[in-house]
Amino acid sequence: ADARIGLIGLGTMGTALALNIAEKGFDIAVFNRTTQVTRDFAAGAGDLAPRITPTETLEEFVAALAKPRAIILMVPAGDPVDDQIEALRPLLDDDDLIIDAGNANFHDTNRRVAASDHPYLGVGVSGGEEGARHGPSIMGGGAPEVWARVEDIMLAISAKYKGEPCAALMGPAGAGHFVKMVHNGIEYADMQMIAEIYGILRDGHGLSEDEIGKVFEDWNTGPLESYLIEISGKVARARDVATGKPLLSVIVDAAGQKGTGRWTAIEALHLLTPIPAISAAVDARNISSRLQERASGQDIFGAAPQRFDDLDLKTLEGALIAGKILAYAQGFVMIAATGDVYGWDIDLPQVARIWREGCIIRSTMLDDMAAALADHAGDNLMRTPYFADLMKTHHGALRHVVAGAALNGHATPALSSGLAYFDMMRTARGTANMIQGQRDFFGLHGFVHVNGATDQHGPWAQD
Ligand code: NDP
């Protein structure tokens with residue numbers, strides 16, 4: 001009974017995380033619903049086997065852990081987490097710690113923390129299997145004294161950015177899972193914007209997959225340097241194993257999703273915080289899956305998109321830079337909105353710092369974002385001086401790309417939603433006066449007069 005920590009769920013993420021924990025020098029006990037999986041895992045643990053205690057029953061698992069125990073759950077989000085907690089509960093002491101490191105909905109984490117008779121952490125882990133194995137970005141949620149019990153492990157297994165661990169406590173209860181959710185929402189927008197520019201390179205410029213790969217490789221040495229641009233270049237250059245054709249040419253263009261992008265869009269609506277670029281990216285995945293309807297749409301309305309190559313690569317790169325800033329700005333504002341609604345005080349610069357390495361949206365730009373958010377606390381990222389300068393430089397490019405795309409039948413939902421957000425957020429007098437006029441006309445909802453008087457009405461109120 002001396003393993004420092006336990007882990008339940010030896011799937012893709014659980015095995016990688018368990019090996020990472022063992023490699024960093026912590027003794028770990030593991031358990032999996034299907035016993036053979038545990039046996040195979042232990043047999044394949046190699047040099048790390050001495051630090052790993054495989055167990056075949058929950059009783060054996062619990063008995064293998066040093067007290068007070070700390071147990072990581074790495075099972076699918078939802079009912080499996082509740083079921084696993086229920087199964088563990090009779091075997092645990094009061095001060096034993098449960099850590100849900102899956103992609104839980106943060107509302108579930110809030111609920112579980114409130115209902116738990118044990119210390120509880122909800123921890124978002126990003127970086128896929130590779131990240132979990134060699135260093136993920138870790139977003140913790142829970143009480144500081146509870147986090148402190150496993151902080152050394154979390155810091156040790158996390159990715160490092162120039163030596164700084166990419167793991168931190170974001171706030172109470174579901175705060176870690178909330179930040180992970182928004183991370184995934186931003187990831188959707190970043191991926192969608194890259195896909196939109198890929199479409200212009202492919203159908204507008206008529207570039208081959210290898211040529212497109214080269215464009216992304218070049219961009220990965222500039223301001224867009226990021227994991228997602230890097231892998232986009234690799235995906236573009238890859239060949240289909242079966243046919244030898246360019247891989248992209250054999251992949252059906254219907255995007256899958258597991259729900260965290262959708263949760264981000266739903267929560268943003270609840271929080272009344274606009275994230276149009278992220279929501280557009282979720283919608284784009286939903287539209288992409290309507291393959292039949294899209295094919296019949298093409299039959300009725302004619303083939304789109306058209307060839308257009310009058311925008312140079314610098315302009316396309318600039319559009320992606322501006323679009324990316326806007327998507328991240330929206331995500332950070334959404335995280336800040338939890339202050340009013342949940343009373344969380346999530347440290348935005350720290351969020352940016354722990355996203356610099358390990359996670360899917362890691363990029364050099366996040367280092368500048370961390371600095372900008374630290375120097376200008378509470379401001380929208382796009383208005384901070386460094387990023388405002390970048391937006392001044394590149395919003396013209398975004399405008400040209402969105403306009404050219406629209407005129408030539410290329411759909412750019414995330415880029416154009418980002419641009420609309422930018423234009424609304426830099427227009428002192430917009431058009432909602434018309435909305436207010438309409439609302440007053442049909443519902444006498446009242447409006448604020450430009451002279452400051454509130455609850456004013458139009459002439460129809462006198463009828
Ligand atoms: P896998 O499907 O690879 O593994 C799931 C594991 O959970 C298996 O060990 C499985 O055991 C076990 N399990 C499934 N259902 C139950 C249940 N009802 N009770 C007990 N154990 C169960 O999942 P992943 O490792 O990919 O994902 C785990 C969590 O991590 C999820 O919340 C996921 O969203 C999250 N995540 C995944 C990422 C990824 O890139 N894959 C990235 C970040 C987070 P058995 O062998 O018996 O089937």
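Which residues in α8 meet which residues in α13? On the α8 side they are G185, I186, Y188, A189 and Q192. On the α13 side they are A277, I278, A281, V282 and A284. By class, this contact has eight nonpolar residues, two polar ones and no charged ones. Ala, Val, Leu, Ile, Met, Phe, Trp, Tyr, Cys and Pro count as nonpolar; Asp, Glu, Lys and Arg as charged; the others, Gly among them, as polar.

Some ground rules. This is a predicted model, where local features need pLDDT of at least 70, side-chain atom pairs count only at pLDDT 80 or more, and totals for chains, interfaces and linings use all residues. Residues are numbered from 1 along each chain as its sequence is written. Two residues are in contact if their C-beta atoms, placed from the backbone, lie within 7 Å. Helices (H or I, at least four residues) and strands (E, at least two) are DSSP runs, numbered from the N terminus.

Back to the helix pair. Two packed helices are described by the angle between their axes and the distance between the axes. Here, the axes of α8 and α13 come within 8 Å and cross at roughly 70°. That makes α8 roughly perpendicular to α13. Axes are lines fitted to C-alpha atoms, for helices over the stretch in contact, and angles run from 0 to 180 degrees between N-to-C directions. Under 35 degrees is roughly parallel, over 145 roughly antiparallel, 65 to 115 roughly perpendicular, and the rest oblique.

Now the annotations. UniProt, in an unreviewed entry, lists K180 and E187 under "active site". UniProt positions use the numbering used here, feature names are shortened, and annotations may be inferred rather than shown by experiment. K180 is found in α8, residues 175-204.

Is K180 buried or exposed? K180 counts as buried, because it has 29 C-beta neighbours inside 10 Å. The cut-offs are: buried at 20 or more other C-beta atoms within 10 Å, exposed at 12 or fewer, partly exposed in between, with C-beta atoms placed from the backbone. E187 is buried as well, with 23. Leaving out residues up to four places away in sequence, K180 touches N103, G124, S126 and M139. On the same terms, E187 is in contact with I360 and I361.

Take two of them. N103 lies in the loop between β5 (97-100) and α5 (106-115). N103 counts as buried, with 20 C-beta neighbours inside 10 Å. Beyond four places in sequence, N103 is in contact with A77, K180 and T260. R285 lies in α13, residues 276-288. R285 is partly exposed, with 18 other C-beta atoms within 10 Å. Sequence neighbours up to four places away aside, R285 touches A255 and Q257.

Last, the overall layout. The domain assignment gives domain 1 (5-173), domain 2 (180-425) and domain 3 (436-462). Those bounds come from an automatic or database assignment. How far apart are the C-alpha centres of domain 2 and domain 3? They lie 39 Å apart.
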